[in-house]
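Thanks, everyone. I have one structure to go through today, so please look at the sequence and the model as they come up.

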Amino acid sequence: SGAFQEMQRIANTGNAQAIYNLGYMHQVGQGTTRDEKKALQYYQDASNKGFGQASYTLAQVYRNGSLGVTKNSQKYKEFLDKASNQGSDDAIVESAKLLFEQGKPEYDQLAVQKLLPLLRKGSQPAVHLKAIYDLSIGVKNKNPIMQQQAVESLQGLAKKGYAPSLMVLGNMLANGGIVDQDLEQAKNIFTRLAAANYPNAKESLVKVEEAISAQKAAKANKK
């Protein structure tokens with residue numbers, strides 16, 4: 001197609017974004033025939049030219065074993081680090097998440113340092129991840145102020161429609177504890193997310209509807 005030929009022309013000038021785009025076009029068969037081998041080659045070329053999104057894509061390729069390559073956790077980590085150093089926001093957040101998962105204070109500090117530039121510019125995935133971390137520390141240390149600040153961060157993201165924060169908030173409202181239980185509000189959130197096919201939202205919606213029915217039945221029995 002014309003768009004593909006134009007992209008090829010720009011890529012031939014050494015433009016890393018265009019080379020990455022050619023990889024994607026070969027991967028999905030947009031304007032050209034699908035060719036996973038070529039897609040992989042273009043992603044590698046763009047990655048070698050310092051294009052962070054290409055390195056991040058390659059990290060996912062090795063993590064999931066797609067594009068005809070075998071899963072390789074070592075290569076996943078290598079490309080994730082490379083993408084992170086090349087300034088890919090997605091890679092920085094994912095690297096920080098892996099550090100938090102180690103569950104050690106020194107790794108937590110490294111993770112927070114990684115996230116700082118993204119937190120300063122208000123990156124939603126970074127703010128969400130930091131809020132989840134703060135919440136877990138607040139709960140662990142029985143620190144209600146830290147918990148409250150984390151919940152407010154998540155509520156702020158939820159108001160902007162950020163799905164992962166909406167999901168966490170929905171679960172909190174369904175379970176009660178950290179925030180007061182509010183099944184109707186949880187139902188509204190899960191209904192929104194289920195309509196957008198967000199993972200696990202439909203199952204959560206079913207559970208909340210069952211809990212609402214059970215509450216209504218219990219009230220009816222009391223009368």
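Predicted model: local features only at pLDDT ≥ 70, side-chain atom pairs only at ≥ 80, totals over all residues.

Three helices each give at least two residues to the lining of the largest pocket: α4 (52–64), α6 (89–100) and α8 (124–140). The space inside the largest pocket comes to about 290 Å³. What classes of residue make up the lining of the largest pocket? There are 7 nonpolar and 6 charged residues, plus 1 polar.

Next, helix α1, residues 2–11. Which residues of α1 are buried? They are Phe-4, Met-7 and Ala-11. Viewed down the axis of α1, these buried residues fall within an arc of 60 degrees, so they line one face of the helix. What they pack against is α2 (16–28). Gln-5 and Arg-9, on the other side of α1, are exposed.

Last, one serine. Ser-47 sits in helix α3, which covers residues 36–48. Is Ser-47 buried or exposed? The relative accessible area of Ser-47 is 1%, and buried means under 20%, so Ser-47 counts as buried. What is Ser-47 in contact with, once its neighbours within four places in sequence are left aside? The contacts are Ala-54, Ser-55, Leu-58, Phe-79, Lys-82 and Gln-86.

Key. Residues numbered from 1 in each chain as written. Heavy atoms only, no water. 1 Å grid on protein atoms, 1.4 Å probe; cavity = no way out; pocket = protein on both sides within 12 Å on 5 of 7 lines; lining within 4 Å. Points joined across faces, edges and corners; volume = space filled by probe spheres on them. Helix = DSSP H or I, 4+ residues; strand = E, 2+ residues; numbered from the N terminus. Nonpolar A, V, L, I, M, F, W, Y, C, P; charged D, E, K, R; others polar. Buried < 20%, exposed > 50% of the residue type's maximum accessible area, 1.4 Å probe, protein only. Arc of directions from axis to C-beta. Contact = heavy atoms within 4.5 Å.
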